[in-house]
Structures are given as C-alpha cells and as structure tokens.
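Try each task before reading its solution.

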Amino acid sequence: MTQPVIEMRTVGKRFGKLTALDEVSLTLGEGEVLGLMGHNGAGKSTSMKLILGLIRPTSGELKVFGHDPGGSAANDLRLRLGYLPENVQFYEQLSGFEVLDYFARLKRIGSGVVTPLLERVGLGHAMHRRVKTYSKGMRQRLGLAQALIGEPQLMLLDEPTVGLDPMATRDFYSMVDELRGRGVSLILCSHVLPGVERHIDRAAILGQGRMLASGSMDELREAADLPLVIRLRTSRSPESIAETLRGHGVLARLAGDGRVVLKVPVPAKMAVLRELTADPEVADLDLESPTLESLYAHFDGTLRPGAGAESVPAPAFDTQQGVSA
Amino acid sequence: MRNLFIVAGKEFRDGLRNRWVLAITLVFGLLAIGLAYFGAAASGQVGFTRVSTTIVSLSSLAVFLIPLIALMLAYDSIVGEDEQGTLLLLLTYPMSRVEILAGKFLGHAAILGVSTLVGFGVAGAVIAAFGSVELLGELVAALALFILSAMLLGWAFIGFAYLISVSVAEKSRAAGISLVVWFFFVIVYDLVLLGVLVGTGGQVSEGLFHYLLLLNPTDIFRIVNLTFFEAARTQAGLASIGADAAFHPALLIGSLLAWVAVPLGLALWIFRRREI
C-alpha cells in the first residue's frame with residue numbers, strides 16, 4: 001500500500017487542563033472518504049485543526065502526506081489541501097467571483113479557474129452578485145468552490161451539507177464520489193450526515209476527545225452488534241410471530257402504521273427470513289440494516305454512564321414496547 | 001511575500017469600495033479649506049488667513065480626528081475576520097500569520113495615507129491658488145511636514161487598532177477598547193500631565209516633562225507642527241511646553257515612527273503566539 005495521506009498515532013491535544021483529544025489514532029489512504037462524527041466538543045474541530053497544522057499535538061505523532069503539518073513543509077502541504085470551515089461567512093461586500101478570485105490568488109492560482117469552479121457548484125448565474133444577496137445554500141456552495149480551488153488531494157469539509165436543499169445535497173454527494181474516483185482523499189465532518197453511508201469508505205466516531213469506534217460500515221455494524229430491523233405487512237399479531245420465531249432472540253411489536261416490527265439479532269437473519277418468507281400470512285417485508293445514525297447513537301451511548309447499548313434509543317425501534325420471544 | 005501584497009490589495013480595494021477613502025479624503029480636505037477660509041472669523045474677518053494660523057488650528061483639530069478615524073477604520077481587522085470564520089480559513093492558506101497581519105496593515109495604512117495626502121494636498125493647492133500666500137515655499141514645507149506627521153499619527157493608531165484587534169474575541173469589545181484608547185491618548189493624558197504640572201507648582205523637572213510628552217503620539221504630532229511656527233506657540237496650550245524644548249524634527253518624526261512600530265510589533269507578536 002502507498003503512503004497514507006493522514007497518519008495519526010496516539011495523538012493527544014491538551015489546552016491547559018482540558019484534554020481535547022486523547023490518544024486518537026487514525027489513518028486515511030489515497031482516494032478514501034472518511035466520515036468523522038461526534039457531538040460539539042467531541043474533538044472533531046481539534047482533529048481538523050491538527051491535520052490543517054493550525055495547532056500542534058501535545059503528544060503522539062501526526063503526519064500529513066508524510067510531513068508534520070505544522071512544520072517547515074506546511075506551506076507546500078497547504079497547496080494540496082482544501083478546507084471548508086463550519087459556518088464561514090465570506091466577504092459580504094464582494095461578489096462570489098471576487099471572493100473566489102481572492103482565495104485562488106492566495107493559493108497561487110490564476111483567475112482562470114474561478115468561473116469554471118463557480119459553474120461547477122451551480123453559482124455561474126450569480127457569480128457577479130454580491131455575497132450579501134446569497135441564500136444560505138448559495139453561500140455553502142461558494143464555500144465548497146473555495147475548498148476545490150487548486151484541485152487539492154486532501155479535502156476537509158466541516159458540515160458540508162448544512163443549508164443545502166435535497167437536490168444540492170445529492171449533487172454534493174455525486175461530487176464526493178467523483179473526487180474519490182480521482183484519488184482525492186476526503187474527510188466529511190458532521191454531527192449526523194443523513195444518507196452519507198453509501199459515499200464513505202469508513203466512519204470514525206469521536207466522543208469526549210476519544211475515538212469511540214472506527215472502521216468500515218460493516219465493521220462498525222459488527223462491533224455494535226445492533227439488531228436488524230424487519231418490517232412486516234401481515235395479518236398476524238406481534239405476539240404470535242414472536243412465538244413462531246421463538247429461539248432466534250427476536251423482539252416484536254406493532255408499529256403505528258399497523259406493521260409488525262421485528263428486531264432480529266444479525267446471526268439469526270437468514271433463518272428468520274426463511275421462516276417469514278415461508279409464511280403465507282406475511283404479505284410483504286422490508287429489511288433495514290442499522291443506519292450510521294443508529295450506530296452513532298449506539299457508540300455515543302457507551303460514553304454515558306448507566307446508559308448501556310440496550311437503552312440507547314434507536315430511531316427505528318422502541319424497546320419499551322417490545323415483546324420478548 | 002506575494003500573498004502579503006494580495007492581502008494588502010484586497011484591503012485597499014475594500015476601502016475604496018466601501019467609501020472609506022472617499023469619506024476620509026473629503027473630511028480632511030473640507031476641514032483644511034474651511035479652517036483656512038473661516039479661521040479668522042473670530043477676529044471679524046472672513047478669507048484665507050496666514051499659513052501658520054491655518055496649520056496650527058488644523059493640527060489641533062486633526063489631533064482629535066485622525067486617531068478616531070484610524071481606530072474606526074481598523075479595530076475589526078482581525079477580530080472581524082475571526083468572527084465571520086474567514087480568519088481560520090486564511091490561516092489554512094499557504095502564508096504565514098505575519099503575512100496576513102502585515103498585509104492587512106499595509107492595506108489600511110494605504111487607505112489612510114492616500115486619503116491624508118489627497119485630502120490635505122488638494123486643500124493646500126486650493127489655499128495656494130486662492131489665498132494670499134506670500135511665501136509658497138513656506139506653505140509647501142509646512143504642509144508636507146503636516147501631512148507626513150498626520151500619516152504617521154494615523155498609522156500609529158492603526159497599530160493600536162491592530163493590537164486591540166488581535167487581543168480580544170469580540171468585535172464589540174474591540175470597539176469599546178478603541179474608544180478608551182482614543183480618550184486616554186487624546187484627552188486624559190494631557191489633562192493628567194497638566195494636573196501634575198499645576199499641582200506641583202511647576203516643580204517637575206523640565207527635562208522629564210519634555211520626555212513625558214514624547215510618550216504620547218498625539219503630543220508629538222502637536223509639537224511637530226508647532227515647532228515649525230514658533231510664532232504661533234501662544235495658541236497651542238500644553239504642547240507649547242514641548243515646543244520650548246526645541247526637539248529636533250528628526251527626533252520627533254523618529255518618535256512617531258516608533259509609535260507606529262511598537263504597537264504593530266506587539267500585535268504581530270501576540271498574533272503569532274495565539275492559539276486558534
């Protein structure tokens with residue numbers, strides 16, 4: 001394997017008495033997309049700033065493209081880097097074109113890239129209007145265009161889809177896929193990114209400065225051991241279904257829309273499916289793998305004392321009403 | 001280094017665009033022409049007065065105005081970008097913090113410098129053309145010295161503005177502290193000095209007193225423009241003490257330069273060490 005783009009080894013960062021980051025290890029390879037998740041104060045911003053070389057780690061080792069991001073090679077590294085900060089407000093009195101032109105020149109790139117970039121993020125029609133007149137979504141697109149200046153090989157995007165409408169969000173993700181295809185490494189940073197699962201290679205979940213979990217979606221699902229959710233359209237009662245599937249550890253309850261919702265341990269998945277498909281009274285079924293959101297809730301829940309994985313409210317299922325089988 | 005000039009250029013263009021340059025130029029120009037024309041109104045006549053009178057009254061008004069304009073122009077230079085998030089972004093670009101701060105300072109200094117030069121320069125041309133100037137050379141020399149010292153005074157207070165701007169986390173705080181700084185240097189310092197002088201019955205060593213005046217850029221500005229016209233010293237209040245001391249103009253200009261360099265240097269030092 002080639003040299004990783006980002007290599008963090010047991011990196012810690014303290015601000016006085018406050019430990020912002022505690023022994024966090026993380027690697028990102030070429031063309032990989034990492035979802036970095038966590039609450040405010042979980043250590044996301046600190047990690048980003050460390051990678052950007054804005055602050056130096058108190059302990060551990062951090063390399064970006066094989067160099068110390070805060071060291072003498074910083075300026076060269078920064079030419080290969082694109083960053084979208086959270087809640088950035090660009091110079092209101094300038095036009096979108098002028099804002100991007102300013103940043104392009106600071107990155108030692110000619111003004112020729114500005115118009116194509118603005119058209120790429122869908123701001124071509126508004127590029128000579130002042131930023132003051134832009135909507136929230138347009139400002140976010142301008143920020144994305146800014147991060148794309150100079151075809152960076154590593155992009156750090158903080159809350160990239162905030163303020164984007166569903167169409168723009170879809171455009172954004174197709175851009176992520178395209179960039180990944182070209183070998184660009186990306187870190188998408190967010191509290192929760194609905195629908196992001198299909199576009200990331202790995203997720204890392206931070207909490208209180210520690211790495212709670214990291215890995216591919218499959219690895220995370222395995223580690224979390226969250227049950228599979230199956231929704232049934234059936235005339236049978238949850239109790240009778242639970243009785244039929246006795247021995248598989250299945251929980252069943254009636255959902256508000258009249259469907260029966262089953263919570264199935266992953267190892268029993270195929271056995272349960274065989275039984276259900278053989279049952280003539282089951283008219284239809286939907287399978288739901290644990291979403292990144294529920295995985296995030298699960299791992300985040302392990303932080304809070306007394307709140308075990310079981311009592312974490314998974315969005316798709318309410319354990320309180322479950323009937324044990 | 002290239003990025004320093006890109007930042008400076010943007011700052012200057014912002015100043016042109018949001019009419020700062022125009023506004024300051026107009027204020028300075030009208031102030032100078034107005035004082036030259038109506039300066040003698042108190043003694044019952046209207047019309048261009050003597051150059052020395054004009055410069056002296058101009059400097060005693062400008063000493064209030066220039067520091068205020070400089071502080072208003074630049075107090076939010078860093079803290080403003082910090083609040084809108086662009087500072088964090090700029091820091092991830094391939095340039096040093098020194099380049100960011102020095103570039104912005106250069107831009108602001110150019111805004112104030114150009115306005116001072118054009119505003120007072122045009123006023124000087126108007127006075128030369130319509131007033132009864134006996135010695136054109138005297139007018140040119142006096143005005144040149146006035147403009148130079150006015151620029152340096154302005155830059156010193158831009159330096160203060162930067163020092164404030166890198167030290168606080170909110171724009172409103174920076175504005176408040178700027179006002180206090182203005183009030184201290186322009187008004188309080190002289191009052192306290194005067195109080196000490198009167199209170200001690202003039203027992204304070206004269207030499208010490210002269211050097212205390214050098215500790216305030218506004219006093220230096222006053223002295224520079226007074227010493228040029230020895231004759232006008234009676235109108236000048238506290239600063240005439242400094243005029244007595246007959247500081248060499250080069251020493252005065254040098255002290256003003258130090259007043260530009262020290263706050264700016266401190267601002268750079270704080271900004272470089274700051275955790276983001």
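**Exercise 1. Find what share of the residues of chain A count as buried, and describe the chain overall.**

Solution. Of the 325 residues in chain A of this predicted model, 49% count as buried. For the fold, count 10 helices and 14 strands in chain A. Its C-alpha atoms fill a box of roughly 70 × 50 × 35 Å along the principal axes. Finally, take the contacts in chain A with a separation of 6 or more: 67% of them join residues 24 or more positions apart.

**Exercise 2. Work out how much area is buried between chain A and chain B, and which residues of chain A lead.**

Solution. Start with the area, about 2600 Å², with 58% given by carbon and sulfur atoms. Then turn to chain A: L54(A), Y91(A) and L106(A) supply 24% of the area it buries against chain B, more than any other three residues. The contact takes 28 residues from chain A and 23 residues from chain B.

**Exercise 3. Locate the salt bridge across the interface, then say which elements of chain A touch chain B.**

Solution. The rule finds 1 salt bridge: R17(B) pairs with E98(A), with the closest N and O atoms 2.6 Å apart. There are also 9 residue pairs in polar contact across the interface. On the chain A side, β1 (6-15), α1 (44-52), α2 (74-79) and α3 (96-106) each supply at least two residues. The largest share, 5 residues, comes from α3(A). By type, this side divides into 15 nonpolar, 5 polar and 8 charged residues.

Conventions. Residues are numbered from 1 along each chain as its sequence is written. Chains are lettered from A and ligands numbered from 1 in the order in which they are written. This is a predicted model: local features need pLDDT of at least 70, side-chain atom pairs count only at pLDDT 80 or more; totals for chains, interfaces and linings use all residues. Side-chain values use heavy atoms; hydrogens and water are left out. Contact means heavy atoms within 4.5 Å. Buried area is the accessible area (1.4 Å probe) that two parts lose on being put together, summed over both. A salt bridge is a side-chain nitrogen of Lys or Arg within 4 Å of a carboxyl oxygen of Asp or Glu. A polar contact is a pair of N or O atoms within 3.5 Å; within protein, one must be able to donate a hydrogen and the other to accept it, and residues adjacent in sequence count only if both atoms are side-chain atoms. Helices (H or I, at least four residues) and strands (E, at least two) are DSSP runs, numbered from the N terminus. Ala, Val, Leu, Ile, Met, Phe, Trp, Tyr, Cys and Pro count as nonpolar, Asp, Glu, Lys and Arg as charged, and the others, Gly among them, as polar. Buried means under 20% relative accessible area, exposed over 50%, partly exposed in between (1.4 Å probe, protein chains only).
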